[in-house]
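Here is a short tour of one chain for a first-time reader.

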Amino acid sequence: MDSLQDDAARVVALTGLSRFRREFYECLTLRGDALFELTDAVLCADGPVVSLPELTLEAVHRRGHGAMYDALAQGRINVSRLRVALAGLKLPRGADRQLSIALDVTPWPRPDAECSPERLHCHRPCRCDGVRQTIPGWPYQIAAALGGGRSSWTGPLDVVRLGPEDDPTEVTATQIRELHARLERAGQWQPGDPPILFVMDSGYDLVRLTWLLREEPVRLLGRIRADRVMYAPAGKRRGTNPGRPPRHGAEFRLADPATHPAPVQEPTGTHDRFGGRCHVVGCVGR
């Protein structure tokens, strides 16, 4: 009976995969056959892809390298339709059915392509001397659904490229709004469900994002930089002399344990993998 159940689950998974592959093929509006086989070649390659012509040697790529370059130069993808198709896939959820989506920027290094337009200095340790932390390239911001438990599998949902004239915080807020709208239209989120949790790294301006997304049913969780400085509430002015009241209270430096105040909240549970405890204090960040 267990083997029959495994076979049934495998059939369901293959059916879903076949449906998505068909929808993905329909998103390729020009040079679709060549682009589709090129995608399969990337997925089937044994190891990292370091050269485009090597992809034409994969068994799933039945065309020559000339067709590959033609597809990359002249091919077209209906990105809007692809985003809708990704939003309709089965997504991993937490125990309370909450969707968790991570946002992060991944650069496409282009250090030698001096004629490529809109290159930026992307944050990435350079392998040249191990000192420089940026490299010329194209930064892409990826949104991916996170699975629960001990799994590194994610579900990519959206990607946008950041340009030299873009405001990263504005782009992020727009990406979150549009992604949330697509998930709602796809039935992944409905009024009454837990707000979608968006997880970000320390490079994001969470305070401004919270304001820009104040009308959206989302939660934002971000990592705080290790050199962040915060302040306790100002309180009353000390002494009897008149004057301007203080704007800030005691200084709280994350890098200096001597300045850490007593926690306002302290959970008693520990994680079986990460351990430790989380302290919550009330301060105004800078």
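Helices (H or I, at least four residues) and strands (E, at least two) are DSSP runs, numbered from the N terminus.

**Confidence**

The model is predicted. Its chain has an average pLDDT of 85. At least 70 is scored by 88% of the residues. Confidence is highest in H6, at 96. It is lowest in strand E11 (residues 284-285), where the mean is 52. Where pLDDT is low, the predicted coordinates should not be read in detail.

**Helix H6**

Helix H6 runs over residues 168-185 and holds 18 residues. From first C-alpha to last, H6 reaches 26 Å, close to the 26 Å expected at 1.5 Å a residue. At the start of H6, a side-chain oxygen of Asp 167 comes to within 3.0 Å of the backbone nitrogen of Thr 169. Thr 169 is buried. Other buried residues of H6 include Val 171, Ile 176, Leu 179, His 180 and Arg 182. Just after H6, Gly 187 has a positive phi of about 80°.

**The cavity**

How many cavities of 30 Å³ or more does a search of the whole structure find? The search finds one. The largest cavity has a volume of about 40 Å³. Its lining includes Arg 93, Arg 97, Gln 98 and Leu 99. Gln 188, Trp 189, Asp 193, Pro 194 and Ile 196 also line the largest cavity. By class, this lining has four nonpolar, two polar and three charged residues.

Ser 100 and Ile 196 are 96 residues apart in sequence, yet 6.1 Å apart C-alpha to C-alpha. Ser 100 lies in strand E3 (residues 100-109). Ser 100 has a relative accessible area of 18%, so this residue counts as buried, the cut-off being under 20%.

Arg 31 has a positive phi although it is not a glycine. Glu 118 also has a positive phi without being a glycine. The table sets out their values.

| Residue | Loop | Phi | Relative accessible area |
|---|---|---|---|
| Arg 31 | between strand E1 (28-30) and helix H2 (32-44) | about 60° | 35% |

Is Arg 31 buried, exposed or partly exposed? At 35%, Arg 31 counts as partly exposed.

Terms used: Residues are numbered from 1 along each chain as its sequence is written. Side-chain values use heavy atoms; hydrogens and water are left out. On a 1 Å grid over the protein atoms alone, a cavity is a set of points where a 1.4 Å probe fits but cannot get out, and a pocket is an open set with protein on both sides within 12 Å along at least five of seven lines; lining residues have an atom within 4 Å of a point. Grid points are joined across faces, edges and corners, and a volume is the space filled by probe spheres set on the points. Ala, Val, Leu, Ile, Met, Phe, Trp, Tyr, Cys and Pro count as nonpolar, Asp, Glu, Lys and Arg as charged, and the others, Gly among them, as polar. The expected span of a helix is 1.5 Å times one less than its number of residues. Buried means under 20% relative accessible area, exposed over 50%, partly exposed in between (1.4 Å probe, protein chains only). A polar contact is a pair of N or O atoms within 3.5 Å; within protein, one must be able to donate a hydrogen and the other to accept it, and residues adjacent in sequence count only if both atoms are side-chain atoms. pLDDT is the predictor's confidence in each residue, from 0 to 100.
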